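User: Could you walk me through the helix packing and the main pocket, with the reasoning behind each label?

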Amino acid sequence: MLIEFEQALDPLFIWMFRFPLPPLAAFGVGLTLLALAVTIVGELAMAGAYFLNRKHFAKINREMILNNNNSIRALSHGDKVSYKACNSLANDAFGRNFFSGLALFASSIWPVAFALGWLALRYGSVEFPLPLVERTVGANFFFVPLYIVVRVAFCKAKPWLPVFRTIRAAVLANQDPGERMLSWADLLAPQQGKRQG
């Protein structure tokens, strides 16, 4: 069934490799366009997953910031019992926030599996010689690092891309806890002010 699905993807993907260029250049352009396409689909899937669970993500973020700030405030007042309780809750929320972010990231890379499968189906019999090592590699050898480069470049460009700029603004608005996260520097700042005064 997976092979049938990858065959169905063939007309969708193969046009990216058919530019009127020398074969290796057309292959490079095709790989780049394929990497860009799966990156965009993955980013949209991640945004969809986020917005389907936006209340959950906002709640975790608020709990993380609130408990972190309460633990720092308790420590600044010398209340070690409250600090430990709030810090424990903050650590729990940090963990849930981290793993929720990891799950979101995983929802953005599923299209890569289909691209790799299609490349294996379409170009599986093509071998590319590597100079100096006397070995050959397949298309996926080039696609994976190219995908990483395209993904990093796309993430840097997202704030300037209209759809993704709007998504980012909506995510930030959803996660706005109403107060900024305090750091240990905030705990030290009043004491430094007392020393200077």
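Analyst: Here are the labels, each set against its definition. This is a predicted model, where local features need pLDDT of at least 70, side-chain atom pairs count only at pLDDT 80 or more, and totals for chains, interfaces and linings use all residues. Residues are numbered from 1 along each chain as its sequence is written, and side-chain values use heavy atoms, leaving out hydrogens and water.

User: Why are α4 and α5 called roughly antiparallel?

Analyst: They pack at an angle of about 150 degrees, axes 10 Å apart; the angle runs from 0 to 180 degrees between N-to-C directions, along lines fitted to C-alpha atoms over the stretch in contact. Angles over 145 count as roughly antiparallel and those under 35 as roughly parallel, so α4 and α5 are roughly antiparallel.

User: And what makes α2 and α6 roughly parallel?

Analyst: Their angle is about 25 degrees, with axes 11 Å apart, so roughly parallel is the label. Contact means heavy atoms within 4.5 Å; α2 brings residues including Ile-40 and Leu-44, and α6 brings Val-163 and Phe-164 among them.

User: What makes up the lining of the largest pocket by class?

Analyst: Twelve nonpolar, two polar and four charged residues. Of the 18 lining residues, Glu-43, Met-46, Leu-104, Lys-158 and Val-171 lie nearest the centre.

User: Which helices supply at least two residues each of that lining?

Analyst: α2 (23-52), α4 (80-123), α5 (139-157) and α6 (162-174) each do.

How values were computed: On a 1 Å grid over the protein atoms alone, a cavity is a set of points where a 1.4 Å probe fits but cannot get out, and a pocket is an open set with protein on both sides within 12 Å along at least five of seven lines; lining residues have an atom within 4 Å of a point. Helices (H or I, at least four residues) and strands (E, at least two) are DSSP runs, numbered from the N terminus. Ala, Val, Leu, Ile, Met, Phe, Trp, Tyr, Cys and Pro count as nonpolar, Asp, Glu, Lys and Arg as charged, and the others, Gly among them, as polar. Angles under 35 degrees count as roughly parallel, over 145 as roughly antiparallel, 65 to 115 as roughly perpendicular and the rest as oblique.
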